[in-house]
Amino acid sequence: MDLLNNLALGFSVALSFNTLFLAVAGCFLGTIIGALPGLGPSNGVAILIPISFSLGLDATSALVLMTSVYYGAMYGGRISSILLNIPGDEPALMTTLDGYPMAKAGRAGDALVISGVASFVGAFLATIGLMLLAPYLARIAFQFGPAEYFALYLLAFATLGGMASNNQAKAAMAACIGLGIAMIGQDGSGVPRFTHGNLHLLDGIDFLVAIVGLFAISEVFVFLETQGKESSIGVKLGKVTVPVRDIIASGWTMLRASLVGFVAGVLPGAGASLGSFLAYMSEKNIAGEKGKFGTGVPRGVAAPEAGNNAAAGGALVPMLTLGVPGSGTTAVLLALLMTLNITPGPTLFTDKPEVVWGLIATLLIANFVLLAMNVPMVKIFVRILMVPPAILLPGVTMISFVGIFSLSGSDFDLLLMTAFGVLGWVLRKMDVPTVPIILGILLGGNMEDNLRRAMTLSDGDIMFLWSSPIAIGLWAFAIAGFVAPMFLRNLLKKPQAVAD
Amino acid sequence: MIVVALGYILSATTIQTPLFPDPMGPKMFPYMIAAGVILCAIVMILRPDPEADWPPVQAVMTIGLAVVVMIGYAMALKPLGFLIPTAIAAGILSYQLSPRPLVAAAAGIGLSVGLFVLFRYALDLGLQPFPKDWM
């Protein structure tokens, strides 16, 4: 009954004109962001956050807008995968495998519709999963003390870092860089650190500046470097009809892929890319040789799209209940929450139920909006894909600058953002993942606070960190999550081999 | 990276101790981070990855120019207002992507005006269109 009451509360928030408008706008923007190659969900959300602040939106509205963008981007990623053979974002990589062959065979419209429906199934089931699982997890999280939180943060770094890079040392290094940056400014007791007398640094580095720099601006540099190399030979989109038989035939595929994707999303660090990869691989194995995966079969586009959209919803679970993001984009969403002075975690469900349940209700509605946008209206987005990069890229840059500038009005922040952009580009060249850096900047303060609180409670006894079963379990998972990818790497290398 | 980490430690030693110290104090955590960086750097030196393929000088120059443009833009935005620096910066970036001067100029001016209208009127951001003295 609790659930129904909560949902009623949620819908009472979501069904206002204002919220609905933001959700529709977010879905629209998100689909565009997802569809444009090079502008992934994390970039898109990062650029839009400062702008949503300067609009003066309240917490629920800003969250609704941004998560709609996030969901929309996950839907939109498939459009350029299918039409251009370029994934619109990283999780849509697996969709190119069967989507582009289908498009070449003249079935681009079918592929778009099937993947649109699959996205809907995945995202919808994941939202239901979020609804059921999140309150339960929040209840467990109430038992967490400082030692457990410290272990939890470690777990997030270990798994996210372990997945994000091919080299554990590089991922760990990235996490440490992020933590180091988080230390700049005043600590919990008001002692200035690493400011070198610079007044701008006293408040610390705003994580939005770092995020927009590391994601969006470095993306511009990468694009400048690789310009012209990626030839995009578009496929004409024929008539869009609804291939009912194919959709029914891939029904079980969508359901199974949604489940796989959701689980992958809930695990901290795994995220949507892993969700779509696992979903595609498991369906391929189930179908066997007869399935002809990779040659342009409908199930081959249904599986990864259901998987990645389900993972996108799943990744919200740890972010909302524990304050630990499950993927790069949820890390950006966490930054949004923290800037709004909302502390995600178990208390969010008791203190601010209207935010959580309003969000969940909006996501349910957003899914239907997205289904409508991505099936009947898909042609509009196809047209937007034709915007030449020579206009798109400067536009992205200017929006990033104006966004940050309108937030702080400080040219120091703009310079800092450019510096982060250069840093991000250099690190990407060196194959050092940037997501752990963001995570480090976001969680660094909390992580230190919890460690110091734990040490104060135990009077400096380091064994306190391993004193509860939950903490020991988290440590074990953290170590496993960090070490396991070293062995799984051979398995994970496969998608590139398939893509070639 | 080791050098950076050592510098970080050095900088951390200058952190003042607060009036009411807790068992860990403000220095310990930065020390732990620096230790982590050093450890990772040693691992990376001992087990190096294949060298990253650095782009040709020309591409680095392109990016370098883009950085200069952004720095200039960051400095110019406050004193010169939105329209002029945006048109110039967007125009240069556009030219770097497709070297057709007329198209780039049009893209720069179009983006500048278009974004200004969008930000100022649709989103209601308080942007300064021109240098303050002109107003």
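Two residues are in contact here if their C-beta atoms, placed from the backbone, lie within 7 Å. With that in hand, 47% of the contacts in chain B with a separation of 6 or more come from residues 24 or more positions apart. This is a predicted model, in which local features need pLDDT of at least 70, side-chain atom pairs count only at pLDDT 80 or more, and totals for chains, interfaces and linings use all residues. Residues are numbered from 1 along each chain as its sequence is written, while chains are lettered from A and ligands numbered from 1 in the order in which they are written.

**Chain B overall**
- Chain B has five helices and zero strands (DSSP runs numbered from the N terminus: helices are H or I with at least four residues, strands E with at least two).
- Of its 135 residues, 26% count as buried, that is, with 20 or more other C-beta atoms within 10 Å of their own.

**Helix H4 of chain A**
- H4(A) covers residues 59–84 and reaches 37 Å from first C-alpha to last, close to the 38 Å expected (1.5 Å times one less than its number of residues).
- Because 25 of its 26 residues are buried, H4(A) is largely enclosed by the rest of the structure.
- Just after H4(A), look for Asn85(A), with a positive phi of about 65°.

**Where the chains meet**
- Phe221(A), Leu224(A) and Glu225(A) of H8(A) meet Ala59(B), Thr62(B), Ile63(B) and Ala66(B) of H3(B).
- By class, this contact has five nonpolar, one polar and one charged residues (Ala, Val, Leu, Ile, Met, Phe, Trp, Tyr, Cys and Pro count as nonpolar, Asp, Glu, Lys and Arg as charged, and the others, Gly among them, as polar).

Notes:
Buried ≥ 20, exposed ≤ 12 C-beta atoms within 10 Å, placed from the backbone.
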